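Let's take a walk through a protein model together. Keep the picture in view and find each part as we come to it.

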Amino acid sequence: MSGSSTSDQLVRSGEERDGPLLITEDEELLDDLLRLCAAAGTLPHVAHRLPPRKEEWESAPLVVVGADAAGRLSATGRRAGVVIAGRDADHADDVAVLRQAVAIGAERVLTLPDGERWLVDRIADAVEGAGPPALTVGVVGGRGGAGASTLAAALAVTAARTGERTLLVDGDPLGGGLDVLLGGEQEKGLRWPAFAESRGRVAGGALAESLPRLHSLRVLSWDRGAEVAIPPPAMRAVLAAARRRGGVVVVDLPRRVDGTVAEALAQVDVGLLLVPAELRAVAAARRVADGVRAVLRDVRVVACGHPGPGCGGGPTAEEIARLVGLPLAGELPWEAGLSEDLARGRVPGARARGPLARFCAGFWGRARGGGGGRGGGAGAVTAVDAGRGAELGPGGAPE
């Protein structure tokens with residue numbers, strides 16, 4: 001290729017995932033393709049010779065060939081993941097280009113700018129790796145102070161402890177911050193306000209790498225500023241990016257369902273409604289459940305114990321599930337000393353033999369054992385009574 005283009009200014013740091021291979025001698029087309037790669041969050045390789053070296057052709061996760069260069073690739077052979085792009089609409093109907101597309105195994109011939117959105121998504125998918133979406137769990141408190149944030153954090157910490165790629169999302173702007181709960185409020189990384197203007201496609205890898213890393217997981221939390229609102233499109237874009245990375249995503253959600261929370265629930269596979277074993281909490285949880293079920297089909301009750309006089313005289317887990325009108329995901333007994341542990345900065349679920357840690361381990365074990373479901377397995381999560389070790393059916397009855 002002759003002349004100077006944007007490609008001459010690109011320097012790869014070695015830390016980025018391998019981007020697509022771009023093959024074109026059309027400098028204007030190359031600049032367009034470089035811009036689309038930047039939108040997808042990746043740096044490409046540019047072939048400065050035709051045909052490209054065999055190792056370049058075969059190892060790239062995606063090859064984007066300019067229509068100007070398609071006719072000069074007869075010796076490269078067929079491979080998956082090839083797209084032919086041009087700036088002239090006539091290229092899409094050019095018989096020679098179409099024949100060469102078949103010869104090299106191209107999956108699509110497109111014209112810019114009409115095909116830009118599709119190509120950005122295709123580049124991002126190729127770079128991030130196409131795999132099953134993350135198993136996404138939403139946690140909601142049946143009443144204020146039920147401990148939903150603590151359960152969400154413990155679920156995430158437990159998943160990360162087993163080596164699962166995990167992202168914990170703070171969906172409750174008035175909850176105080178999950179980074180604070182995990183002792184990482186001073187940790188460097190972006191918080192929610194940085195993503196308030198996100199729209200469309202967000203690169204999953206870039207998202208994760210920009211967030212604080214705490215206890216082997218990534219955390220998207222709130223900062224200490226006054227902004228407490230995220231537009232629905234931003235929630236949609238960020239959660240979609242998180243899910244594309246695979247692994248596990250845990251979302252701590254507020255009890256009131258507005259447009260932003262509805263966008264989050266739309267990407268959740270299974271919701272857990274945490275309900276303390278007291279009648280007032282059950283009454284409050286029924287109203288919360290109605291709002292959540294309007295968006296999310298699979299919502300389940302986690303019946304939790306509470307401290308104080310008469311704590312053993314409340315409704316049973318099965319009674320709570322029946323009164324709320326949801327299947328039972330399990331029973332979480334009160335964990336003595338948990339509040340003191342959190343005050344000392346101990347991570348939720350750190351006591352491996354405590355009720356919270358056992359519940360989380362049991363939940364993930366059953367969740368990963370199921371198949372099918374809306375998000376690659378979550379819909380088949382088997383309810384677990386972590387407190388007593390009994391496996392429960394969808395209606396809460398022991399099997």
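Before we look at a pair of helices, here is how their axes are drawn: an axis is a line fitted to C-alpha atoms, for helices over the stretch in contact, and angles run from 0 to 180 degrees between N-to-C directions. Helices (H or I, at least four residues) and strands (E, at least two) are DSSP runs, numbered from the N terminus. This is a predicted model, so local features need pLDDT of at least 70, side-chain atom pairs count only at pLDDT 80 or more, and totals for chains, interfaces and linings use all residues. Residues are numbered from 1 along each chain as its sequence is written, and side-chain values use heavy atoms, with hydrogens and water left out.

Now the overview. The chain has 13 helices and 15 strands. Of its 399 residues, 50% are buried, where buried means under 20% relative accessible area with a 1.4 Å probe, protein chains only (over 50% is exposed, and in between is partly exposed).

On to our helix pair. The axes of helix 1 (residues 27–39) and helix 4 (residues 116–128) come within 9 Å and cross at roughly 55 degrees. Helix 1 and helix 4 are therefore oblique to each other; angles under 35 degrees would be roughly parallel, over 145 roughly antiparallel, and 65 to 115 roughly perpendicular, with the rest oblique. Where they meet (contact means heavy atoms within 4.5 Å), helix 1 brings residues including Leu-33 and Leu-36, while helix 4 brings residues including Leu-119 and Ile-123.

Next, head inside. A nonpolar core is a set of buried Ala, Val, Leu, Ile, Met, Phe, Trp, Tyr and Cys residues joined through side-chain atoms within 4.5 Å. The largest one here has 46 residues, and Trp-192, Leu-273 and Val-324 touch the most other members. Several elements give two or more residues to this core, among them strand 7 (166–170), helix 8 (232–244) and strand 11 (270–276). Helix 8 supplies the largest share, 7 residues. There's also a second, separate core of 38 residues, which includes Leu-182 and Phe-359.

Last stop: Thr-166, which sits in strand 7. Is this residue buried or exposed? Thr-166 counts as buried because its relative accessibility is 4%. A polar atom of its side chain lies 3.4 Å from the backbone nitrogen of Ala-160. Leaving out residues up to four places away in sequence, Thr-166 touches Ala-156, Ala-159, Ala-160, Leu-217, Arg-218 and Val-248.

Note on methods
Polar contact = N/O pair within 3.5 Å; in protein donor to acceptor, adjacent residues only side chain to side chain.
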